[in-house]
Amino acid sequence: MRPPIFVRRPTDAEHQALETGLRSADAFVLRRCQIILASTRGEWAPQIARAVGCGDQTVRNVIRAFNATGLRALVAGSHRPHTVRVIFDPERAEPLRALLHQSPRTFGQPTSLWTPELAAEVSFAQGLTPRRVSGEAIRLALRRLGVGWRRAKQWITSPDPAYARKEVPATA
């Protein structure tokens, strides 16, 4: 069993801010205030977790954050990742471009039109990516190549030699 963790004794100003936080419209602030105040009353993490509706570890994390940073623990941090790895580096981006110059039917797809999501699925199936990526990752890879997805639709053509003759021009 883990040793119990309790919040440090808040200063009078901190205690007043925590009480005010109980009336906050922001659920993040409200829940954190509830957790910290419950811990000041001597409740244990599992008790607090059941009362607030979160996990034990979440309670421990909130208490540790308050003990370390005080009221700054009531401010939600950024959800952005610390590092971003580009899946389509230059070595994988050119094969993606080549893939999109072919018909999706070549890869056993039921349609002849590429969508970013379909391109992501096929690029994974063909081994261009180590995992399934989003359609947005495809769009960003094309943008790094200097091609927007709308523009890509113009240069993605059918392998059919008579495609240009069959294509019906758009009416204005």
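Q: What share of the contacts in the protein chain with a separation of 6 or more is accounted for by residues 24 or more positions apart?
A: Contact means that heavy atoms lie within 4.5 Å. In the protein chain, residues 24 or more positions apart account for 51% of the contacts with a separation of 6 or more. Please note that this is a predicted model, in which local features need pLDDT of at least 70 and side-chain atom pairs count only at pLDDT 80 or more, while totals for chains, interfaces and linings use all residues. Residues are numbered from 1 along each chain as its sequence is written, and side-chain values use heavy atoms, with hydrogens and water left out.

Q: How many helices and strands does the protein chain have?
A: Helices (H or I, at least four residues) and strands (E, at least two) are DSSP runs, numbered from the N terminus. The protein chain has nine helices and zero strands. Read from the N terminus, its elements follow the order α-α-α-α-α-α-α-α-α.

Q: What percentage of the residues in the protein chain is buried?
A: A residue is buried under 20% relative accessible area, exposed over 50%, and partly exposed in between, as found with a 1.4 Å probe on protein chains only. Of the 172 residues in the protein chain, 33% are buried.

Q: Is S39 buried or exposed?
A: S39 counts as buried because its relative accessibility is 3%. This residue belongs to helix α2, which covers residues 27–40. Leaving out residues up to four places away in sequence, S39 touches I5, F6, V7, I48 and I63.

Q: Where is P46 placed, and how far is P46 from D56 in space?
A: P46 is in helix α3, residues 45–52. P46 has a relative accessible area of 28%, so it is classed as partly exposed.

Q: How many disulfides does a search of the whole structure find?
A: A disulfide is a pair of cysteine sulfur atoms within 2.5 Å. The search of the whole structure finds zero disulfides. As for accessibility, C33 is buried at 0% relative accessible area, and C54 also counts as buried, at 19%.

Q: Where do L100 and L113 lie?
A: L100 is part of helix α5, residues 90–100, whereas L113 sits in the loop between α5 and α6. With a relative accessible area of 0%, L100 is buried; L113, at 62% relative accessibility, counts as exposed. Neighbours within four places in sequence aside, L113 is in contact with P104 and L118.

Q: Which backbone oxygen does the side chain of S123 reach?
A: A polar contact is a pair of N or O atoms within 3.5 Å; within protein, one must be able to donate a hydrogen and the other to accept it, and residues adjacent in sequence count only if both atoms are side-chain atoms. The side chain of S123 reaches the backbone oxygen of A120 at 2.9 Å. S123 lies in helix α6, residues 116–125, and is buried, with a relative accessible area of 0%. Residues up to four places away in sequence not being counted, S123 touches F88, L128, T129 and I138. The C-alpha atoms of S123 and P95 are 9.0 Å apart, and these residues are 28 apart in sequence.
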